[in-house]
Amino acid sequence: MLFLFSAALLLAACGGAQPKREKAVFYPPPPEPPRLQFLTSFSTSRDIEGGMNLLDKLVFGEEPMEKTIAGPYGLAWHRGVLYVCDVAQGAVLRLDLGAAKFSAIGLEGAARLQKPINISIDERGHKYVADLQRGRVVVFDPDDAHHATFGEPGQFRPTDIAVWGEELYVCDISHNEVEVLDRNTGKVLRRIGPKAGEPGSLRKPTNIALDPAGNLYVVDTIDCRASVFDPTGKFLRYLGGPGDVVGQFARPKGIAVDRNGFIYVVDAAFENCQIFSPQGEIALAFGGPGSSSGCMVLPTKVLIAENGLEYFQKYAAPEFKIAYLVFVANQHGPRKVNVYGFGRSEKHTYPD
């Protein structure tokens, strides 16, 4: 009996946390060839670090209190680490999948965050955080230490941020424009946003994205559309518009553009994500309201990542090969960050 008990302890100690596997959900649904699969979700430190095994509990006692993602908004992915702007906790949560560690930055000193709403990371690993309440952009270095703070009193109320070369695009909900800063000094280089009544004018812009060519997409939540500008700031066209059918919006929030120019927009009212072709035609919608696998509850942000597939292929159906990842933040519901894989199923033939 003692031998069997010892063997059970050894197995418990070596087994570790098992990946959280949920029901496989595909978009579009059968019989259409699937292009997206819901893979998994993150909501607490247990999803990253796992729970204590039986041996640890016997030796160390009860496990520490579980840490949670309370009010996620912005997301960023860098070298196996998912950064989550948690507006409820006033911090940027750091979900390190490689090290299986759940931590936070921006909790003290000059880097103390109040309402971090969005984040962008450059190729060097510097993190730029838009703090709506402070009215500042707080910069962290590659080691997550405070590096700089951009913005003067009354300059902007930043709601989103994006990096392009040596420039930093800051979405300003207060002045209905996008300020372009030098990403190293914070100096204002130019402003994008036509005057009220002109084509492309903005009313309460909330989210932005840049495509591979440097075109800027600005989500206007009030007017239920996105304005598209070329790299010089010239207005090109609108995407979407108010309505209650696919291809239209009711409360658009986060936006992202993949390497092929397809545009992803989450809608907090429809509780889904719509994908548009580079020409602005609707291609696919996924998610939808509810609490089951793949559903969304007040989604705020969509993020596309082309690296780190090795952390998530294990969740995919055996025949489904992931090309890139799609993350969606949900402010409420049982799944605070959904992870989807965009790819192809070896069981299906796809049109050209």
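Q: Which residue meets Asp223 in a salt bridge?
A: Arg225 does. The N to O distance is 3.7 Å. Keep in mind that this is a predicted model.

Q: Is Asp223 buried or exposed?
A: Buried. Asp223 has a relative accessible area of 17%, and buried means under 20%.

Q: How many salt bridges turn up in the whole structure?
A: The search finds 15.

Q: What about Asp144 and Arg94?
A: Their side chains meet in a salt bridge at 2.7 Å, N to O. Asp144 sits in the loop between strands S9 and S10, and Arg94 in strand S5, so the pair ties together parts 50 residues apart in sequence. Both Asp144 and Arg94 are buried.

Q: And which residue does Arg190 form a salt bridge with?
A: Glu167, with the closest N and O atoms 2.9 Å apart. Arg190 is in strand S14 and Glu167 in strand S12, so this pair links parts 23 residues apart in sequence. Arg190 is partly exposed, at 26% relative accessible area. Glu167 is buried, at 19%.

Q: New topic: pockets. How much space lies in the largest pocket?
A: About 960 Å³. The lining has 33 residues, and Ser120, Ile121, Val163, Leu303 and Ile304 lie nearest the centre.

Q: How does that lining divide by class?
A: There are 20 nonpolar, four polar and nine charged residues.

Q: What volume does the second largest pocket have?
A: About 490 Å³. Strands S22, S24 and S25 each supply at least two residues of its lining.

How values were computed: Residues numbered from 1 in each chain as written. Predicted model: local features only at pLDDT ≥ 70, side-chain atom pairs only at ≥ 80, totals over all residues. Heavy atoms only, no water. 1 Å grid on protein atoms, 1.4 Å probe; cavity = no way out; pocket = protein on both sides within 12 Å on 5 of 7 lines; lining within 4 Å. Points joined across faces, edges and corners; volume = space filled by probe spheres on them. Nonpolar A, V, L, I, M, F, W, Y, C, P; charged D, E, K, R; others polar. Helix = DSSP H or I, 4+ residues; strand = E, 2+ residues; numbered from the N terminus. Salt bridge = Lys/Arg side-chain N within 4 Å of Asp/Glu carboxyl O. Buried < 20%, exposed > 50% of the residue type's maximum accessible area, 1.4 Å probe, protein only.
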